[in-house]
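Here is a short briefing on one protein structure. Keep the sequence and the 3D view open as you read.

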Amino acid sequence: MIVNNLYIENDTLFFGGHSTVDLAEKYGSPIYVMDEQKIRENCRKYVNGMKKYFGDNAKPFYASKACSFKRIYNIVESEGMGVDVVSVGEIYTAFKSGYNMKNVCFHSNSKNDYDINFAMDCGVGCFVVDNVEELDAIDCFAGERGIKQKILFRVTPGIDTHTYEAVNTGKVDSKFGFPIETGAAMEITKYALAKEHIDLAGFHCHVGSQLFESSVFIRSAEIMLQFIAEVKSTLGYEAKELDLGGGYGVRYTENDPTIDIEDNIRQVAEYFKKKCSELNINEPAVSMEPGRSIVADAGITLYKVGNVKRIEGYKNYVAIDGGMTDNPRYALYESEYTVIAADKANEPCDFLCDLVGKCCESGDIIQPKVMLPESIQRGDLVAVLTTGAYNFSMASNYNRIPRLPVIMVNGDESYVAVKGETLEDIISRDI
Ligand code: LLP
């Protein structure tokens, strides 16, 4: 199995020690199921690996855009992780969960005055500043409060990660941050150092997502450290912090490689230490921002089959009771997934079909060219694996379809972490 918390017993798929058939019986369908222990295991790889190889000042921040609801913030906080947020919605969720807002890092390439004030009122610890307009606004609102606001600058190191275009963010022409190459990053640093209410702690970069090679992070570290050394010699300012962003990939299918996060961190840290001493700069405290690799393989989605359509000589469809509203990733990125008949998990898979949703458009495909048992029929349970990241958080109400609940399993227990939307929820904002 692609994830170690999955196994099959008597034809039934088990996830986190729970029968998926029993979960669907208890909580209904469709549902997201997440495994709390798996989330914790993933957090520990970063918390322990970063401490061990980068030292005590290093810290991972969970990029909560991957999956944001109150319980997740409690889980990652108890594992010693900071969090990265990108909107007032994520800030509010973290705040209401009781998360210590000092450990929150606020991203976004377009923060308006309301966003900045909201974040300051919630006590957000650090802003990752993307543009000069935002810097001026932060300086002004921090001044009004009589504080010095800690910030990092988002810098684009000019790396093309060759991942899919929508998540490729480190190139010079990216909409995010200040490019090093054009001199913009140096210029804004100089400008910020003269600001009375800005405490510039250092720099941030994030180059892409679903990446498998530590070489990408090594290359980012190289460029960022060179920049830090250049800033030191030009402006006499030495960065105290360096955030290398997120991006480590996960296994969606058997074709994806397995990645040893701790060993990757070791390789990056070794290079980082060598480079700092070569450049004669103090080692900045390093942070990373994993999102996908914390939650993706800690989640699956369970659906019931509604119908099986065999179009002789052409194609077969298995239509389920969910769709692009709960998982838009194939429609958006042609993302691959592993699909299993969860109640017929030991039957031979000899039926080629497209797994499609119930939305009113042909692009509503969860996964094309899937192999399922020939006997698959209405009422059967289908599991789509590795859906813990960017599924719940990217869900929509297209066709006024209610969003799914999130069921959390934790050892022998299971509980509702997020309630499913009701039809009343759907019309609750209509006048
Ligand atoms: N830090 C920053 C500044 C980011 O922009 C991102 C992701 C992360 C951290 C976390 O990256 P991760 O470890 O999750 O790869 N919706 C897309 C993914 C968008 C990623 C955006 N930024 C998807 O479904 O694949």
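**The largest pocket**

The largest pocket has 43 lining residues, and Ser64, Lys65, Val86, Glu90 and Tyr390 lie nearest its centre. This is a predicted model: local features need pLDDT of at least 70, side-chain atom pairs count only at pLDDT 80 or more, and totals for chains, interfaces and linings use all residues. Residues are numbered from 1 along each chain as its sequence is written, and side-chain values use heavy atoms, with hydrogens and water left out.

- The volume of the largest pocket is about 1,000 Å³.
- A pocket is an open set of points on a 1 Å grid over the protein atoms alone, with protein on both sides within 12 Å along at least five of seven lines. Lining residues have an atom within 4 Å of a point.
- Grid points are joined across faces, edges and corners, and a volume is the space filled by probe spheres set on the points.
- α4 (88-97), β8 (126-129), α10 (292-295) and α11 (329-333) each give at least two residues to the lining of the largest pocket.
- The lining of the largest pocket has 17 nonpolar, 15 polar and 11 charged residues.
- Ala, Val, Leu, Ile, Met, Phe, Trp, Tyr, Cys and Pro count as nonpolar; Asp, Glu, Lys and Arg count as charged; the others, Gly among them, count as polar.

**The cavity**

- How many cavities of 30 Å³ or more does a search of the whole structure find? It finds 1.
- A cavity is a set of grid points where a 1.4 Å probe fits but cannot get out.
- The largest cavity holds about 40 Å³ of space.
- Its lining includes Tyr32, Val33, Met34, Cys67 and Phe392.
- β4 (31-35) and β14 (299-311) each supply at least two lining residues of the largest cavity. The largest share, 3 residues, is from β4.
- By class, the lining of the largest cavity has 7 nonpolar, 4 polar and no charged residues.

**A sheet of three strands**

- An open sheet of 3 strands runs in the order β1-β2-β3, and its pairing is antiparallel.
- β1 (6-9) and β3 (18-19) are the edge strands, each pairing on one side only.
- Two strands pair if DSSP finds at least two bridges between them. β1 and β2 (residues 12-15) have 4 bridges, in the antiparallel sense.
- Which residue of β2 is the bridge partner of Tyr7? It is Phe14. Leu6 stands opposite Phe15 in β2.
- In a regular strand, side chains alternate between the two faces of the sheet.

**Backbone details**

- Most residues other than glycine have a negative phi, and most peptide bonds are trans.
- Asn10 has a positive phi, near 45 degrees. Asn10 sits in the loop between β1 and β2, a hairpin with 2 residues between the strands.
- The peptide bond from Ser29 to Pro30 is cis, with omega near 0 degrees. Pro30 is in the loop between α1 (20-27) and β4.

**Two helices side by side**

- The axes of α6 (residues 132-145) and α7 (residues 184-193) come within 11 Å and cross at roughly 10 degrees.
- Axes are lines fitted to C-alpha atoms, for helices over the stretch in contact, and angles run from 0 to 180 degrees between N-to-C directions.
- α6 and α7 are therefore roughly parallel to each other (angles under 35 degrees count as roughly parallel).
- Val132, Leu135 and Asp136 of α6 meet Ile188, Tyr191 and Ala192 of α7 in the contact (heavy atoms within 4.5 Å).
- This contact of α6 with α7 has 5 nonpolar, no polar and 1 charged residues.

How values were computed:
Angles under 35 degrees count as roughly parallel, over 145 as roughly antiparallel, 65 to 115 as roughly perpendicular and the rest as oblique.
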